[in-house]
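This report concerns aromatic contacts and backbone geometry in one protein model. The structure is shown first.

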Amino acid sequence: MKQAAVLIPLLFNNSNSSNSSNSSNKNNSKNNLSNYEVLFTQRSANLKHHSGENSFPGGGLDFTTDNNNLLTTALREAQEEINLLPEQTNIIYKLPKQYRSISNYMTSAFVGVINNSNSEVNLQKNPQEVAEIFTIPLSFLLQKNSFKRKYILLKNGRKLKFVTTTYNNHFIWGITGRILFDFINTIKKFNYKKLL
């Protein structure tokens with residue numbers, strides 16, 4: 001089975017902590033998950049697979065450049081898609097399981113905090129792959145009813161169950177929805193503290 005990897009980028013929202021005047025308060029606000037947002041991309045309509053869908057930056061393992069390392073894959077794809085350099089991301093967690101996509105990839109997911117206190121971070125979409133970059137606040141995703149379970153009936157009569165969330169008209173579902181749901185449940189399981 002083909003291997004793939006995605007990056008779940010966490011972006012610190014400076015505006016949520018702008019009232020903190022001294023450096024110790026700012027450091028405390030950086031430890032508060034409610035001040036972070038999860039970054040997503042909307043895939044270009046020109047792409048062959050999953051066009052127009054909302055997803056995390058990521059893609060398939062490239063044996064010629066990735067040295068069989070899925071973290072390298074996730075960071076390389078984030079650089080290609082949104083101009084996020086590997087050194088601008090602090091990897092803090094890897095989700096323990098892999099996720100099988102309908103296109104037959106086994107996908108690993110890595111959580112990374114973007115070091116946006118550095119002015120050199122300049123996120124830009126690659127128009128060949130990405131139509132839009134957007135974020136969803138962790139504070140929203142941590143709410144009790146932020147996720148819904150839905151079903152679709154396949155042609156073979158089988159029911160396919162999936163997890164969704166919607167924020168500002170951005171609909172998250174499929175493998176991205178499953179990864180996001182598991183990530184949020186991991187945060188809740190560890191009482192919001194162990195990941196940062």
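## Basis of the report

The model is predicted. Six aromatic pairs are counted in it, and two of them are described individually below.

## The pair Phe140 and Tyr167

The ring centres of Phe140 and Tyr167 are 4.9 Å apart. Their planes meet at 55°, and because only angles over 60 degrees count as edge-to-face and those under 30 as stacked, the pair is classed as tilted.

Phe140 belongs to helix α3, which spans residues 138-141, whereas Tyr167 belongs to strand β10, which spans residues 159-167. The pair therefore ties together parts of the chain that are 27 residues apart in sequence. The relative accessible area of Phe140 is 17%, so this residue is buried. Tyr167, at 21%, counts as partly exposed, because the limit for a buried residue is under 20%.

## The pair Phe162 and Trp173

Strand β10 also contributes Phe162, which forms an aromatic pair with Trp173. Here the centre-to-centre distance is 5.2 Å, and the angle of 65° between the planes makes the arrangement edge-to-face.

Trp173 is placed in the loop between β11 (170-172) and α4 (174-189). The two partners are 11 residues apart, and the pair links distant parts of the chain. Phe162 has a relative accessible area of 10% and is therefore buried. Trp173, with a value of 30%, is partly exposed.

## An aromatic cluster and a charge over a ring

Three phenylalanine residues, Phe40, Phe56 and Phe134, make up one aromatic cluster.

A contact of another kind involves Lys159 and Tyr151. The charged end of Lys159 sits over the ring of Tyr151, at 5.4 Å from the ring centre.

Asn168 is located in the loop that joins β10 and β11. Its phi is positive, at about 50°, although the residue is not a glycine. With a relative accessibility of 57%, Asn168 counts as exposed.

Asn169 lies in the loop between β10 and β11 as well. Phi of Asn169 is near 70°, again a positive value in a residue other than glycine. The relative accessible area of Asn169 is 78%, so Asn169 is exposed.

Terms used. Residues are numbered from 1 along each chain as its sequence is written. This is a predicted model: local features need pLDDT of at least 70, side-chain atom pairs count only at pLDDT 80 or more; totals for chains, interfaces and linings use all residues. Side-chain values use heavy atoms; hydrogens and water are left out. Rings of Phe, Tyr and Trp (its six-membered ring) pair if their centres lie within 6.5 Å; planes under 30 degrees apart count as stacked, over 60 as edge-to-face and the rest as tilted. Helices (H or I, at least four residues) and strands (E, at least two) are DSSP runs, numbered from the N terminus. Buried means under 20% relative accessible area, exposed over 50%, partly exposed in between (1.4 Å probe, protein chains only). A charge sits over a ring if NZ of Lys or CZ of Arg is within 6 Å of the ring centre and within 35 degrees of the ring normal.
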